[in-house]
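Thanks, everyone, for making the time this morning. I would like to walk through one model with you, going slowly enough that each point can be checked on the screen.

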Amino acid sequence: MSDAEEPPVGNGSAAEDGRGLYVESPIIMTTVRVITPFVFTLGLFVMFHGADSSGGGFQGGVIVGTVVLMLGIAFGIETTRDWVGPQLAVGLVGLGVLAFLLTGVGSVLLGGGFLEYEVYPVPHAVKYGIEFVELAIGLVVSGIVTGLFFVIAAGMSDDGSDFA
Amino acid sequence: MTGALEVGLVVFVLACAVATALLRDVLGSIIAFGAYSLGIAVIWVFLRAPDVGLTEAAVGAGIMTVLFLLTIAKTVRPADDEVLESVDPRALAVSVALVAVLSTTLVALPAVGDGGSAVASDNVTEYYLANAYEETEVKNAVTAVLAAYRGFDTLGEAVVVYSAGIGLLVVLDREVLG
């Protein structure tokens, strides 16, 4: 809408077409298409493997969130945003915090202390409890990363609201 | 922490930090900041803290750089050819004074790898190292402390991330789309 008001030298080279920084490049698209599943797997690996080596929910969550960032850079942020939908990221964040919280409250209800995994009637309850909590943290972090990426990127599209 | 590689890393990180503060072009600043984060991440690994190093590499060097780049996409680069920002002497004095005050705490830190320091010989540390595997069945004692012994703290951490993130999303969403 306010395409006429171009800054003299913008950092975004493709800003004039109203799609922000997006440059359609077959090289980036192909690369992202190939490495996306591997990066996603690495994120889950770091999340789960945090119990036995370095890593954990915070780090793995960031790496999983990176998958969406890569898709956004390769296929256009607005396109990816329309594809993922605005609710999913916020939903994941809420789900992660709730899962963590309910794990703690659940152990209290079963007669233990807060987050005392031993009271859950599963074999190796502590180990799987820790893994579950790491997964919940990963959900929170990846959801926040994705949501922030979309919201910050939305500011430079052609909404016109704060470009003038 | 005295090898040539470590000294080189510290010099690199300090140079990147100064460059981040002084460069006039914001894009250059962000790139220097990314390099700084990567250097710090490698230093963490040298200090035997791979968990922290992984976080710094993923968050500091990765996500923060992307978010910063998106943020400056709407800004304009300075027109003149000056490379460095002119330094305000008063601001410089305040920064140097702050660094000097913080540096006085350095002498209180134990030497790197000092086996007799409180960090290594404390009862709590010894308890975790001796019992973490039997009690939690995870091999990484850091994770055991994080998610089991100190799970309540970690819940607080997750809630901080949650509230900060949701707050930002609500404000920015209104700002951008509303």
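This is a predicted model: local features need pLDDT of at least 70, side-chain atom pairs count only at pLDDT 80 or more; totals for chains, interfaces and linings use all residues.

Chain A has 5 helices and 0 strands, and if you read along its sequence the pattern is α-α-α-α-α. Of its 164 residues, 41% count as buried, and among the contacts in chain A with a separation of 6 or more, 66% are between residues 24 or more positions apart.

Let me turn to the helix pair, which is α4, residues 86-109, and α5, residues 125-154, both of chain A. Their axes lie 7 Å apart, and the two helices pack at an angle of about 155°, which makes α4(A) roughly antiparallel to α5(A). As for handedness, the crossing in which α4(A) passes α5(A) is left-handed. By class, this contact has 15 nonpolar and 7 polar residues, with no charged residues. The α4(A) side includes A:L92, A:G96 and A:F100, while the residues they and their neighbours in the list meet in α5(A) include A:F132, A:A136, A:I137 and A:V140.

Now to the two chains together, where the contact takes 53 residues from chain A and 45 from chain B. On the chain B side, the elements giving two or more residues are α3 (50-72), α6 (123-136), α7 (141-149) and α8 (151-177), and of these α8(B) provides the largest share, with 16 residues. Sorted by class, that side of chain B has 28 nonpolar, 9 polar and 8 charged residues.

Finally, the largest nonpolar core holds 67 residues, of which A:I137, A:V140, A:V141, A:F149 and B:A158 touch the most other members. Two or more residues come from each of α1 (26-49), α2 (57-75), α4 and α5 of chain A, and likewise from each of α2 (26-46), α3, α7 and α8 of chain B. Which element gives the most to this core? That is α5(A), with 17 residues, and α5(A) is also the helix we saw packing with α4(A).

Definitions and conventions: Residues are numbered from 1 along each chain as its sequence is written. Chains are lettered from A and ligands numbered from 1 in the order in which they are written. Axes are lines fitted to C-alpha atoms, for helices over the stretch in contact, and angles run from 0 to 180 degrees between N-to-C directions. Helices (H or I, at least four residues) and strands (E, at least two) are DSSP runs, numbered from the N terminus. Angles under 35 degrees count as roughly parallel, over 145 as roughly antiparallel, 65 to 115 as roughly perpendicular and the rest as oblique. A crossing is left-handed if the near helix is turned anticlockwise from the far one by less than a right angle, and right-handed if clockwise. Two residues are in contact if their C-beta atoms, placed from the backbone, lie within 7 Å. Ala, Val, Leu, Ile, Met, Phe, Trp, Tyr, Cys and Pro count as nonpolar, Asp, Glu, Lys and Arg as charged, and the others, Gly among them, as polar. A nonpolar core is a set of buried Ala, Val, Leu, Ile, Met, Phe, Trp, Tyr and Cys residues joined through C-beta atoms within 7 Å. A residue is buried if 20 or more other C-beta atoms lie within 10 Å of its own, exposed if 12 or fewer, and partly exposed in between; C-beta atoms are placed from the backbone.
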